Amino acid sequence: MKRTLQSFLMLIFSLSFWGLEAQVIEGTIYDKGGLPLPGASVVVVGQQGVGTSADFDGKYTITGVKPGSIVLEFSFIGFDNKRIGLDLKAGEKKTVNATLSESASQLEEIVVVGYGVQRRRDMTGNVVKLDAKKLNDMPTPSFETAIQGKAAGVQIVTGSGLAGSASVVRVRGITSIGAGGDPLYIVDGAQLNQDFFSRGNSGGMNQNPLAFLNPDDIASVEILKDAAATAIYGSRGANGVILITTKRGSKGGLKFNFSTTQGVSTPTRMPQMLNSDQYLQLYREAWINDGNTGTPTLPRSVSWEDAQNTNTDWVDEVVRTGYKAFYDFSVSKGTDKFNYYAGLSYDENRSYIEGDQYNRLSGRFNGDYRISDKLSLSMSTGLTRSTYNRVDNAWTGGLGSAMSTALPIYPIKWDRYNIRNGDTLNRPGDWWLQAGVGNNPVAQRELKEWRMTDLRSINNAKISYSPFKNFNILGSASLDYFQSMEDIYNPAGPNTTNVDNSTAGRGIADRFPQRSYNYNGFLTGSYDWQVNDNSKFNFMLGTEYQENFTRTYSMTVRDSLGNITGTRNFVQDAPGPFYNHAELRNDYEFDSVQTSFISRFMSFFGRVNYAYKGKYLAQAVLRSDGSSRFGPDNRFGYFPSVSLGWIISDEDWMKNNRVINYLKLKGSIGWIGNANLTNIEFAARYRRDAQAYDGRDILYPLNNPNPDLRWETTRVFDFGLEYGLLEDRITGEIAYYRKNTTDVLLNVTLPRVSGFGNFYDNVGALLNEGVEFQIKSRNLVGDFRWTTDFNIAYNHNEIESLGGYSADAVGGGTNDTRTVVGEPVGTNFLVRFSHVDPTTGRPVYLDIDGNPTFNWDPADRVAVGSVLPDAVGGITNTFGYKQWDLSVLFVFTIGSDIYDSSSKRQLGRVDDWNRTLGTFDRWRQPGDEAEYARLTLDEANLGSNTPWINTDQWLHDGSFLRLRNLTLSYRLNNDQAKAMGLKGAQISFIGTNLLTFTTFPGLDPEIARDFENATDRNMSVNITYLTPPQERTYSVRLNVNF
Amino acid sequence: MLISKLSIMKKFFTYIIISGGLILGTACEKMLETDLQGADLTEEEALQSKQDVLDLLQSCYDVTANVYNGRVQYLNELLADNLADPTINEDLSEVYNHNTLFFNGTIGGIYQDPYITVFRANRVLEVIEDFDFSATEKAEIAAQAYFLRALSHWELVKLFCQPYGYTADNSHDGLIYKTSTEESIVARESVASNYANIIADFEAALPNLVQNSDYYASQDAANAYLAKIYFQQGDYAKAVQHADAVINTGRYSLGNSLDRFELDTVNVSEAIFTTTSNSTLRDFRSTGFTDNYRSDLDGADPLFKANKDFYDIYAADTSDRRIKNFFEVIGEDAEAVVLVKKFNQEFFDIPVLHLTDLKLLRAEALALSGGDLSVAIQDINDVRLRAYGSNANDLAAGASVSEVRNAARYERRIEMFGEGDRIQQLKRRGAIGGEAIEIRNNPWDCNGMIIQFPISEQTSAFDLNPTGGC
């Protein structure tokens, strides 16, 4: 099999590489601890193209070595290079083992930067590199969640426990309010289409646009943080840039890798709701508190007797033990002439929520072919097909209902006949839908078939031409293609939600096809100019074009005369969903196309790097972007940056310092932009609807145009210190930054008297200022190895100006977060709760002046709490002994508050929501000092005329320390592996989110709720509303090389 | 060799610089001009022909139909005493409890929609000169725009401002009366000014409108609005005059059906101005009613139920056919709830203006202004004949002024149940008639008896209504 595959792949590349010479050098490459170094390289100096890389056991074999006096150079990322000289006679075979010393500063590490690579030592920018090992140490639904806690200044909030939910990633704070705040993602040079709202906020979730990528395919992730690093991306760099490099074949023989992960999951915390007896008891207490007598009237006209006889544990009905299964198989090979990497993976992610399952089948082929010394070609292509079986959640149902409106007094099914006016409406066993299907999450799940079927393909081809030494021309073309199909089927007829089936027939099948295209091409020329021994320049110039758009498809509807009357996306009287019924797919044509999100960028950029004596470094970058998002007068933006670096430790007076062996000072200033608008807002837009009213067409304006709309610009100042102590036993970096954003793009809520709801405008200013600290310490080396990697970051965010708009002009979606000058973006703006009055049991609030009052009035709202944490970070301790490795990652957030928006109903006025167990700490009689007010069905007793009121009583300290990942691995030694016919194997036991230390009384202190739009995503990160908690997983991972 | 290398390099860099220069230059600007998304059009593309202007005007009717689809009616009803507390709807419960807050999303929607109509109507008036309409066509289009602008403001001023007569000179806070599409931050005008503008727009529209129309602006509809406005102002003589202008055309009759909410109002002989649903296109403009009132759905627990006190007043008269037609009681004693049958259809047209309203308006106006009581009595008896199916309950020919007035009010309340009329009558009686009206124990003029503006309206010039409710 292996041979066949090898032959096949060889055929593809039409190459012959068997022409070998007789001299052979072989051996094993170890680290100082005696462990083999798979992947380490060895080359014969001066014999071009002669070399290889070590296999899984650290073993290598070089053939074709010319005899004579030769020098072998061994190298490996993170280790110092080593040269060994020897004499090799014709026909001789020699064994040369090498031991490499770890170079913890990783100064020689090659880092991917915008449109090129740089040696870390030469860089003046702030870039964090995470290699595959760091990204694959835990099973994650999407790669970005594995970055959490591993990169200073990169805050990652994993989405909810739903399998396909999106995370929130923020690099050095929030620099925008109305425009997207997410970093730019680039995979192998292809800019990703990263629309978090491609399906809006459906089912209480935003679908993750990054989940398509197989984490096992990733070789490294580089996070560009400061202006020196991101200015080359100009208008799209303001939120940071995340460069993802997928695996490629390395030199050496054919390598096969198979890995699988099997795991189970549970919620990090199970919602604890009242049972039927408890609910009825408290309901009756509220009823009596309100002065009522007799039998209380229950929600949805449920009789007291029926309620007493029912006790449904809805949480139990919607939660299961999740199951994860991941399989990945890859093959790779590399020679001087070509290399390739081909991988196939399948991921089945069944979350702990019944019915929620994300399956991903992905394939990847990356290849490089060197036609000559001057010309080489590269291609990277990935294809992913995913199916996501959806269920409603959060505020739309499912676990959200179980935590709210699905009361324990509601049954799942009828246990008797329901007869009205002589008609039998329901039979025993029918779904009980008296409270609406949303309040019977089991029926809701079973009656609705809902699936997303996506196809995603990221492709990049590059051609590199070096007409002469040090000069290189690189052309790149990319396509990110995303095809998404949403199918929903709701049956009709008896015992469904659509009993009246006169028009629906057997049921209604909805289908919403969508395709997104993102084309991107760039051309760069670069030249290395070694002026003399001391001075070295690198010049790079480039131009780039990007275009993206999305097409949505519908069925054309015609009247009896054949005239087009509109479009639709549903079929009535359908036997089932489209994906199960070929006849539906054949009979109905989605022939009406709408194109949206059309955006074009044209850019020109240049970069100059200068190094003097290898220790004085300078870089200048300029990029100009033209964007179709802005009107003719504001179409182009210019984004420069300048940075300097000084390797102090290379100065003569530092060279003999016994403590400090490496010290680099660097600083940069630059201007970067943000143009993340989803539509053209500078021009007046109109829409025509056919037969819209009284069968006649209508034409109407859609927006209030703003012809002056322009880029949001952030000036970034960065200052950093890289250090290596005690011969690099301790390494790390300290950084300070200050980001001033002006012309902030705001989606301002307009006075409705204007006839429009909102308006995009450049107003105001934002400040982000922060420090980052990262340290890696190799505490123990030798047989027992212990390394600690710690990072912590603090970011201060403040709105400096809002250009005259009020705090309420910009609101975060449905949440009570606001923009208040002098406060961070998304500040909670709430009436303050003081205490529960022991005499009356009524809540006491504070008015605008801080005086106690029984009346809740939104005019008393003030900025409260702390949206932003004082610090976020992570600490990884890695222990190794012989073949065992243990890695423990803790992540933490200190000093931020979370607004648990669900509490206002779970613990507030008694109504048709179930309550959490905290409600037992309530006022019951005069003199009680209680956490929560008296139970009442009448909000007037809570001082309000609106039933559910936002106060800071529901704002809690969200600080936490979480054991994010614990991995215990055992690696077979050579003999064990060989005995099994393998090159190597490793088995790992992995636990994620095993422990959480927090005082947050809600479900999970690390949560990102569903968002309505980009503004909401920027402004409501500390809000939870019926959001499913994250998953705790226990997995076993097996990795085999052969 | 080196020179040749340098020349290649120079050439290449030059190429990149040129291509970059082109990108930055105007030559490539065109490439950055993308189409608008979907079928969106720029204004230049959108407004090209006379038909485009008419389509823009048609969009005003589209929005107006959404305002009248039950929403504006039930907000009025919730302030009054015809409905029970819709407890499970936070926004609407606030209205019922006479204390709306500026976060109320339902209110935000109902406040915005009429201004959408106003923006479009104003845009029509601004662009009409650019098109080759005849003078008659132009006058008729402008008249429709005035009509739509006036009715939009009229519906808002009733909900968001204290009524006409609240202050002696009506200088109390009204709305912003928008007469152009220009954006500016301005203060609220007085209610006096609002009424003057509304009347001026209807009066300006009147001569150039068609005489009558089912779904579009007409002279009959403008007169009916003016009758209602003058009635609200307490100018009963003018109210009668405009009511006469419609009633006396003879185009409208009460008909036999007790329920004027029918699918096709063309067959409802009393409808003067209607918003319409289209069954073929399944374009239903009655969802404000059908989503919230229907008692005939499986497991019906509609949001809106009739107030039991209101029901009891009328239920005593068992010969009144409207009781059984409009209401259904389920449960007993304290648990009895009154479901509403009046809107039990999948969809229907909304008779915004109808003869019953004008007849009862005229009857009360005549009684209050010393007018011809025989006309008033006949108007009331016409309505009663339809309600009872006989003349057995007729008002006597010699009925007194107060009997006529009370009868008109009694009939009006049940006839227009659900149509949002009751609250305005109570406010008029308080503000104009000087009665000490209380609505569910709150005085007619307390703060919560008008609806709060959405928070978005708060500017340096625009003051919201007082907070705190009644």
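The legends below describe close-up views of a predicted model.

**View 1. The face of chain A that touches chain B.** In this predicted model, 73 residues of chain A are in contact with 74 residues of chain B. The elements that give two or more residues to the chain A side are β25 (449-468), β26 (471-491), β27 (507-530), β28 (535-558), β31 (592-612), β32 (616-627), β35 (685-693) and β36 (696-701) of chain A. The largest share of that side, 9 residues, comes from β31(A). By residue class, the side of chain A that touches chain B divides into 34 nonpolar, 26 polar and 13 charged residues.

**View 2. Strand pairing between the two chains.** Strand β35(A) is joined by 2 bridges to strand β1 (residues 41-42) of chain B, and the two strands run antiparallel. Within this pairing, A:Y686 stands opposite B:L41 in β1(B).

**View 3. An open sheet in chain A.** The sheet has 3 strands in the order β52-β51-β55 (chain A), and its pairing is mixed. Strands β52 (955-957) and β55 (1023-1024) of chain A stand at the edges with a single partner strand each, so one side of each is left without a neighbour in the sheet. Strand β51 (residues 897-900) of chain A is joined to β52(A) by 3 bridges, and these two strands run antiparallel; here the bridge partner of A:I898 is A:H956 in β52(A).

**View 4. A hairpin in chain B.** Strand β3 (residues 327-330) of chain B runs antiparallel to strand β4 (residues 337-340) of chain B, and 4 bridges join the two. B:E328 stands opposite B:L339 in β4(B). Between the strands of this hairpin lie 6 residues, and B:G331 takes a positive phi near 80 degrees.

**View 5. Helix α8 of chain B and its buried face.** Helix α8 (residues 191-205) of chain B has 15 residues that should span 21 Å at 1.5 Å a residue, and its end C-alpha atoms are 21 Å apart, which agrees. The residues B:V191, B:N194, B:Y195, B:N197, B:I198, B:D201, B:F202 and B:A205 of this helix are buried. Seen down the axis of α8(B), these buried residues fall within an arc of 160 degrees, so they line one face of the helix. An α-helix has 3.6 residues a turn, so residues three or four places apart point the same way. The buried residues of α8(B) pack against α7 and α9 of chain B.

View 6. For helix α9 (residues 219-233) of chain B, the 15 residues should span 21 Å at 1.5 Å a residue, in agreement with the 21 Å between its end C-alpha atoms. In α9(B), 15 of the 15 residues are buried, so the helix is largely enclosed by the rest of the structure. The helix is followed by B:G234, whose phi is positive, near 85 degrees. Helix α14 (residues 355-368) of chain B has 14 residues and reaches 20 Å from its first C-alpha to its last, close to the 20 Å expected at 1.5 Å a residue. Of the 14 residues of α14(B), 14 are buried, so α14(B) is likewise largely enclosed by the rest of the structure. Just after α14(B), B:G370 takes a positive phi of about 70 degrees.

**View 7. An exposed loop residue in chain B.** B:S134 is found in the loop between α6 (105-127) and α7 (135-160) of chain B. This serine counts as exposed because B:S134 has 9 C-beta neighbours inside 10 Å. The C-alpha atoms of B:S134 and B:D283 are separated by 33 Å, with the two residues 149 residues apart along the chain.

Conventions:
Residues numbered from 1 in each chain as written. Chains lettered and ligands numbered in written order. Predicted model: local features only at pLDDT ≥ 70, side-chain atom pairs only at ≥ 80, totals over all residues. Pairing = 2+ DSSP bridges. Expected span 1.5 Å × (residues − 1). Buried ≥ 20, exposed ≤ 12 C-beta atoms within 10 Å, placed from the backbone. Contact = placed C-beta atoms within 7 Å. Nonpolar A, V, L, I, M, F, W, Y, C, P; charged D, E, K, R; others polar. Arc of directions from axis to C-beta.
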